[in-house]
Amino acid sequence: MLTKYVYILIFFTCLSFAGFSQNRSEPDNPATAKFIKFYPNPASSVISFEFNKTNEASYSLQVYNFMGKKVYEIKKTPVRITINLEDFYRGVYIFQLRDSNGNIVQSGKFQVVK
């Protein structure tokens with residue numbers, strides 16, 4: 001009888017975490033607008049970053065491994081970048097889009113699976 005309640009508790013806990021982890025759409029507010037889209041996630045051989053065409057400033061894109069080591073950087077980003085993941089290890093990576101003053105405009109994470 002007790003195991004039945006444990007399973008029910010686990011079930012509802014999983015549901016609450018699943019709802020928490022879903023992507024929430026943000027309002028169409030320019031202050032919260034996304035500057036960059038990236039796909040696929042998880043990625044195995046390449047990952048592509050597409051920048052909003054209305055951005056007129058020069059940005060740099062930096063990619064860090066889970067330990068915080070910079071593994072990729074490109075300055076003055078074009079509208080689309082495709083990164084070859086051949087030399088990347090399996091794991092989670094963090095990207096940062098920075099403006100010309102070095103301020104983080106957007107950051108995110110992606111996973112490399114091999």
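This is a predicted model: local features need pLDDT of at least 70, side-chain atom pairs count only at pLDDT 80 or more; totals for chains, interfaces and linings use all residues.
Of its 114 residues, 25% count as buried.

Now for the layout. The protein has one helix and seven strands, and along the sequence they come in the order α-β-β-β-β-β-β-β. If you take the contacts with a separation of 6 or more, 53% of them are between residues 24 or more positions apart.

Let's start on strand β2, which covers residues 46-51 and holds Glu50. Is Glu50 buried, partly exposed or exposed? Glu50 has a relative accessibility of 26%, so it counts as partly exposed; the band for that label runs between 20% and 50%. Leaving aside residues up to four places away in sequence, Glu50 touches Phe35, Ile36, Lys37, Tyr39, Val79 and Arg80. With Tyr39 there is also a polar contact between the side chains, at 2.5 Å. Phe38 sits twelve residues from Glu50 along the chain, and the C-alpha atoms of the two are 6.3 Å apart.

In general, most peptide bonds are trans, and most residues other than glycine have a negative phi.

With 69% relative accessibility, Lys76 counts as exposed, because the label calls for over 50%.

**Gln62, a buried polar side chain**

Next up is Gln62, found in strand β3 (residues 60-64). Its relative accessibility is 7%, so Gln62 counts as buried; the cut-off is under 20%. What does the side chain of Gln62 make polar contacts with? Tyr64 is one partner, at 2.7 Å, and Glu73 is another, at 3.1 Å. Not counting residues up to four places away in sequence, Gln62 touches Lys70, Tyr72, Glu73, Ile94, Phe95, Gln96 and Arg98.

| Side-chain pair | Polar contact |
|---|---|
| Glu50 and Tyr39 | 2.5 Å |
| Gln62 and Tyr64 | 2.7 Å |
| Gln62 and Glu73 | 3.1 Å |

**The second largest pocket**

Finally, a look at empty space. Rolling a probe the size of a water molecule over the atoms shows where such space is left. The second largest pocket has a volume of about 170 Å³. Its lining is made up of Asn65, Phe66, Met67, Lys69, Val71, Asp87, Phe88, Tyr89, Arg90, Gly91, Val92 and Tyr93. Which strand gives the largest share of that lining? Strand β6 (residues 91-98) does, with three residues. By type, the lining residues of this pocket split into seven nonpolar, two polar and three charged.

How values were computed
Residues are numbered from 1 along each chain as its sequence is written. Side-chain values use heavy atoms; hydrogens and water are left out. On a 1 Å grid over the protein atoms alone, a cavity is a set of points where a 1.4 Å probe fits but cannot get out, and a pocket is an open set with protein on both sides within 12 Å along at least five of seven lines; lining residues have an atom within 4 Å of a point. Grid points are joined across faces, edges and corners, and a volume is the space filled by probe spheres set on the points. Helices (H or I, at least four residues) and strands (E, at least two) are DSSP runs, numbered from the N terminus. Ala, Val, Leu, Ile, Met, Phe, Trp, Tyr, Cys and Pro count as nonpolar, Asp, Glu, Lys and Arg as charged, and the others, Gly among them, as polar. Buried means under 20% relative accessible area, exposed over 50%, partly exposed in between (1.4 Å probe, protein chains only). Contact means heavy atoms within 4.5 Å. A polar contact is a pair of N or O atoms within 3.5 Å; within protein, one must be able to donate a hydrogen and the other to accept it, and residues adjacent in sequence count only if both atoms are side-chain atoms.
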